[in-house]
Amino acid sequence: MIRRLAVTGAVAVMVALPFVADTYTTAVGARILALGLMAVAVHLLSTRTLQASLGHGAYFGVGGYTTALLAKAGHDSAPLQLAAAVTAAVAAAAVIAVALARLRGLTYVLASLAVGMLAAAYAASAHAVTGGTDGIAVPAPDLWPFGISLAPTGIRYLWLATVVLGICGLLAWHTRSPFAAAALAIGDIDQRMNALGYPVTRTVWRAHLHSAAVAGAAGALWVHATGYLNPTDLGLTTSALALAAATIGHRHGPIVVITATAALVGARDVAASHLPPAGQGPLWLGLLLLTAAFLPLASRRTTPTPAEVRP
């Protein structure tokens, strides 16, 4: 009951933000929604197959650059850009995940990190396509067929909130599917599922595609939120932040993961400008991560074991 009330409160805050906050806070909220959806993508993969990815910035970048290039070419429909970003990210994952789906543990972490670093390096070097380290500035898209521009901060935020909540609802429904149950079983008992003849590698490959689709949508929404994209946006910092938020919300749903993202971004960016010592965002972010890491240990210590429970 308490968990449901907390999730409902988080959703209410997400929806009401542009009506009660100033323009700057709403713009920060829009960026948090995009980064939160990126964390949801990592969470979607890590909770099912137990593969902790540090390379989802690659799919985030594919979705973001697809959106930016479409906008530069004059295709200013936000739904079209979103659909194209998801399709491009899934296509990229269909190739990359052929190798990643066979890896487990630290080997997978290192391989995913290499994928993310290669994507960021290519984005920085392909100046003719991505703008290089200068990045790409794009105009605000329109909500076709309604003709509503996303230039106003409040309308842009509401577009992001609608897409993010829609994807979260779709994922909540998808967790009850047979595929999700099979992916969870693979994460828990990989070798046994393989011995039973279940197509483990193919299922993990499909899980990568689902996760990449969400990451591609996050990249598109990041461009919609900021109007700009450069290689640092898909680098290790973004992937590590997403993995940290996904880890904090490991046993919970997408809304909790987005709330964790908001806390991490707040500690890194907002608290750094208001709390001493000045300009020490990484310090507050590190303290928050340490607190989140030790909370599960504290809860396990206070929970009685079956032997301690008296009839």
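1. A cavity, as the word is used here, is a set of grid points where a 1.4 Å probe fits but cannot get out. Keep in mind that we're looking at a predicted model. Searching the whole structure turns up one cavity of 30 Å³ or more, and the largest cavity holds about 40 Å³ of space.

2. Who lines that space? The residues around the largest cavity are Ser53, Gly55, His56, Tyr59, Leu100, Tyr108, Ser112, Val115 and His208. Helix H5 (residues 105-125) supplies the largest share of this lining, with three residues.

3. Now for the aromatics. One aromatic pair comes out of a search of the whole structure. Its rings belong to Phe60 and Trp222, with centres 6.3 Å apart and planes at 55 degrees, so the pair counts as tilted. It's a link between distant parts of the chain: Phe60 sits in helix H3 (residues 57-72) and Trp222 in helix H10 (residues 200-226), 162 residues apart. Are these two residues buried or exposed? Both Phe60 and Trp222 are buried.

4. Last stop: Thr47, which you'll find in helix H2 (residues 23-49). Why does Thr47 count as buried? Because its relative accessibility is 17%, and buried means under 20%. The side chain of Thr47 also has a polar atom 2.6 Å from the backbone oxygen of His43.

Key:
Residues numbered from 1 in each chain as written. Predicted model: local features only at pLDDT ≥ 70, side-chain atom pairs only at ≥ 80, totals over all residues. Heavy atoms only, no water. Phe/Tyr/Trp six-rings, centres within 6.5 Å; stacked < 30°, edge-to-face > 60°. Helix = DSSP H or I, 4+ residues; strand = E, 2+ residues; numbered from the N terminus. Buried < 20%, exposed > 50% of the residue type's maximum accessible area, 1.4 Å probe, protein only. 1 Å grid on protein atoms, 1.4 Å probe; cavity = no way out; pocket = protein on both sides within 12 Å on 5 of 7 lines; lining within 4 Å. Points joined across faces, edges and corners; volume = space filled by probe spheres on them. Polar contact = N/O pair within 3.5 Å; in protein donor to acceptor, adjacent residues only side chain to side chain.
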